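I set out to record what I looked up in this structure. My entries follow in the order in which I made them.

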Number of protein chains: 2
Amino acid sequence: MTNPVYIRIVEDIKHKINNGSLKPSDAVPSENALCKEYGASRMTIRKGLSVLAKDGYIYSIPGKGSFVRMPELNKYTIFYDEMKNSINTVDQSRLLEVTIIMPDEKLAGELQTTRNKNVVVIRRLFYTEGKPIAYDIKYLLYSKGMPIVEKEIEQATFPEIISGSMSAFSLKKELTIYAQIPDKEIKNHLNIYDELALLVVEQKIYNEDNKPMGLCVTYFRGDYIKLKGNSE
Amino acid sequence: MTNPVYIRIVEDIKHKINNGSLKPSDAVPSENALCKEYGASRMTIRKGLSVLAKDGYIYSIPGKGSFVRMPELNKYTIFYDEMKNSINTVDQSRLLEVTIIMPDEKLAGELQTTRNKNVVVIRRLFYTEGKPIAYDIKYLLYSKGMPIVEKEIEQATFPEIISGSMSAFSLKKELTIYAQIPDKEIKNHLNIYDELALLVVEQKIYNEDNKPMGLCVTYFRGDYIKLKGNSE
DNA sequence: AAGTGGTCTAGACCACCAC
DNA sequence: TGGTGGTCTAGACCACTTT
């Protein structure tokens, strides 16, 4: 069970970077030098270097060489889904309303459209063990072929609803996370009587031409959600 | 300015996936078939497929073929740094305290250590335009070579402090985000007199052996921070 | 001119899978 | 057994950077 040559190259160089013998912006030995060092062909060395580049360890400049990359200390990956979180899972959702409106100035701006376009509004409540834990509002630009079927809406997440009418690969998404105090309407929906903070998550979905397709705002009870992310 | 052959392959297949003629779990044509289709050698075709794999469009199973991947609808990337956010930047930070303590049960558990180990505690306040907007507590497992220099601490972010004493590449990090109501101590520090929600961000940093190196909890005034993330 | 990385070829052998 | 992807070679030409 000996490893392929290119994997050995990857491990060796990762090791040198991790123990400090290769530091950020240092040059990695040239491809020809590595060919001799490992007695391998250049394509094999390049395979190893491409893995290191893919993993964010090095970058290459044509005509100059390959260099150790500055690590991205503040990059995190987060898997967000309004129906699931790391404390609880939504086990029931209730559809409050599906309507079609003309957007006001602010919403039209958010969706980069005009006030005379149709916008589908979906309001839902999410429950965990019978208790309402989140209030959810979605605004979708109405497009042909969009199936507004109540049953589907009740269970689907925001990207799922949007991707029903188009390929999901070309979607671009933005997430905005903040905290605020609930207003009266939300207090009513979520049965909040005391002081309690809300975690608010906004999702905005764009098509491949960077045109907004929809906006989704979810107001979570602060005591019922934690978002988790990690590096790698 | 004709593109390399492997780029044409990448673009063609991405296009087929985006317009739906190749759907998730569909098989991509075999490497030999693509060789004939593009009149290219197998290594060139493989280069194209490896780019598609790196970008998350396809995956390969030895002996079977390459297949279109199910898109990750809920994956986001977020760049978090306790000193910067999308509303404001911290333009001043004040060091409240640097002490060495023995952790209580809860903290010892969080740091996966015992109660007789030394833990460095750093408390800071972050300001924007003279106003306190965040209260920050860091707990670091004390290790040799850790430079506890007040001047450095005052300006450095959490990963920067940790990476001072070790290579930053092998660090693993976890982020936890939630909302809560401030207690009296935090209200005092942040000059909060009314009802106001806090956005709390916890960072936990592990070394390459998955041992926790430190914990950082930052309490932001809800009206002074929004975290942003996006797909891609 | 010499060295670097980027693209590409036409072969080869292997392990794995399905028939 | 034939097809698939995984690894690897020993060359080649190119554009770019450095000396």
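**Entry 1: the DNA strand**

I took helices (H or I, at least four residues) and strands (E, at least two) as DSSP runs, numbered from the N terminus. I note that this is a predicted model, in which local features need pLDDT of at least 70 and side-chain atom pairs count only at pLDDT 80 or more, while totals for chains, interfaces and linings use all residues. Residues are numbered from 1 along each chain as its sequence is written, chains are lettered from A and ligands numbered from 1 in the order in which they are written, and side-chain values use heavy atoms, with hydrogens and water left out.

I found that 26 residues surround DNA strand D, with V5(A), Y6(A), S41(A), T44(A) and R42(B) the closest. I counted a residue as near when one of its heavy atoms lies within 4 Å of the strand. Of the atoms of DNA strand D that come within 4 Å of the protein, 63% belong to sugar and phosphate.

By class, I recorded nine nonpolar, ten polar and seven charged residues on this surface. Here Ala, Val, Leu, Ile, Met, Phe, Trp, Tyr, Cys and Pro count as nonpolar, Asp, Glu, Lys and Arg as charged, and the others, Gly among them, as polar.

I then looked up pairs of N or O atoms within 3.5 Å. Which part of DNA strand D does the side chain of R42(A) approach? An N or O atom of that side chain is 3.4 Å from a base nitrogen. For R46(B), a polar side-chain atom lies 2.8 Å from a phosphate oxygen. E31(B) places a backbone N or O atom 2.9 Å from a phosphate oxygen.

**Entry 2: a sheet in chain A**

I traced an open sheet of three strands in chain A, in the order β1-β3-β2, with antiparallel pairing. Two strands pair if DSSP finds at least two bridges between them. β1 (27-28) and β2 (58-61) of chain A stand at the edges with a single partner strand each, so one side of each has no neighbour in the sheet. β1(A) pairs with β3 (residues 65-68) of chain A over two bridges. I noted V28(A) opposite S66(A) in β3(A).

Key: A polar contact is a pair of N or O atoms within 3.5 Å; within protein, one must be able to donate a hydrogen and the other to accept it, and residues adjacent in sequence count only if both atoms are side-chain atoms.
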